[in-house]
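Subject: Structure for you to look through

Dear colleague,

I am handing over the structure we talked about, with the sequence alongside. Please open both before you read on, and keep them in view while you go through my notes.

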Amino acid sequence: LFLLVCRLKSSISFLTRPDRPNLAYHKLKGRNPGVIFLPGLNSNMNGQKAMALEDFCNSLGHAFIRFDYTGCGSSDGKFEDCTVGKWRKDVLSVLDELTDGPQILVGSSLGGWLMLHAAIARPDKVAALVGVAVAADYLVTTFKKLPIEAQKEIEEKGEWKFPTKHNEEGYYSLTYDLIREAENHCVLNSPIPITCPIRLIHGMKDDDVPWQISMQVADRVLSKDVDVILRKTGQHRMSEKEDTKLLVNTVDDLIDKLATLA
């Protein structure tokens with residue numbers, strides 16, 4: 001355990017930005033395509049999927065970056081001040097400031113929504129996408145499914161206690177402003193202008209984000225090279241040993257594919 005703690009602590013760097021909070025990240029140097037891991041809502045860069053991908057890229061000699069969004073993990077800023085738009089800018093900062101050449105983005109849950117935005121904004125840099133339980137538009141669609149009275153109450157209070165099994169409180173405290181702002185970033189209402197290879201992995205036992213969202217993303221993107229991989233027993237975090245293996249193998253295949261295309 002001590003070694004692991006050392007490994008997590010010793011290697012954090014900070015991307016300083018003049019007008020925004022500093023972002024904590026860890027970068028492995030290596031060859032392209034590089035791999036960037038985008039964590040989920042209220043998650044951080046030290047999760048199982050991020051570490052498994054780092055070990056894999058390390059063994060292959062490929063570049064790898066994992067990082068924390070503003071207000072999350074070791075990055076600066078307050079979670080309650082955050083919006084999907086700010087997190088989107090975090091992803092673009094990492095792409096623009098910390099990488100050269102083609103990158104494969106691996107996005108988990110909220111990170112899967114953000115990777116779509118990054119691919120739209122930086123088509124020349126984002127060479128492929130891997131989504132794990134992609135939560136495209138999810139905060140907005142979930143909010144809109146609430147009874148009108150509940151929506152009004154959240155608007156008046158300014159806070160939404162978003163139910164989750166992933167912390168002790170049983171909810172994430174989200175601001176009403178975050179929900180309002182997130183509406184500007186919905187992607188499923190029209191064709192999504194992404195043409196790179198896309199792999200979407202989703203567990204059919206996901207109680208947080210329904211697997212049908214991955215199907216909608218597959219349907220909406222302009223890319224023809226799209227595979228959806230459904231795991232019958234997979235849960236939201238997809239962190240069983242077999243799930244991690246699938247994720248690593250999927251990234252491995254894409255690295256091969258991009259090498260052939262190049």
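Below I describe the sheet and then the salt bridges. Please keep in mind throughout that this is a predicted model.

Let me start with the sheet, which is open and has 8 strands, in the order β1-β2-β4-β3-β5-β6-β9-β10 and with mixed pairing. At its edges lie β1 (13–17) and β10 (226–231), each of which pairs on one side only. If you look along the sheet, you will find that neighbouring strands are turned by 20° against each other on average, when direction is ignored.

With strand β5 (residues 103–108) it pairs in the parallel sense over 5 bridges, and here Ile36 has Leu105 of β5 as its bridge partner. Strand β4 (residues 62–67) also runs parallel to β3 and is joined to it by 4 bridges, with Phe37 standing opposite Arg66 in β4. Together with helix α2 (residues 48–60), β3 and β4 make a right-handed β-α-β unit. Strand β3 is mostly covered, since 6 of its 8 residues are buried.

Turning to the side chains, the count of salt bridges comes to 12. One of them joins Arg17 and Asp90, whose closest N and O atoms are 2.9 Å apart. Arg17 lies in strand β1 and Asp90 in helix α3 (residues 84–98), so this pair ties together parts that are 73 residues apart in sequence. Both Arg17 and Asp90 are buried.

Asp96 and Arg122 also meet in a salt bridge, at 2.8 Å from N to O. Because Asp96 lies in helix α3 and Arg122 in the loop between α4 (110–121) and β6 (126–132), the parts tied together are 26 residues apart in sequence. Asp96 counts as partly exposed at 36% relative accessibility, and Arg122 counts as partly exposed at 23%.

A further salt bridge links Arg231 with Asp243, where the closest N and O atoms are 3.4 Å apart. Arg231 lies in strand β10 and Asp243 in helix α9 (residues 241–261), so the pair ties together parts 12 residues apart in sequence. Why does Asp243 count as buried? Its relative accessibility is 8%, and buried means under 20%. Finally, salt bridges that share partners join Arg199, Asp225, Asp227 and Lys257 into one network.

With best wishes

Terms used: Residues numbered from 1 in each chain as written. Predicted model: local features only at pLDDT ≥ 70, side-chain atom pairs only at ≥ 80, totals over all residues. Heavy atoms only, no water. Pairing = 2+ DSSP bridges. Helix = DSSP H or I, 4+ residues; strand = E, 2+ residues; numbered from the N terminus. Axes fitted to C-alpha atoms, helices over the stretch in contact; angles between N-to-C directions. Buried < 20%, exposed > 50% of the residue type's maximum accessible area, 1.4 Å probe, protein only. Right-handed = clockwise from strand over helix to strand, strands pointing away. Salt bridge = Lys/Arg side-chain N within 4 Å of Asp/Glu carboxyl O.
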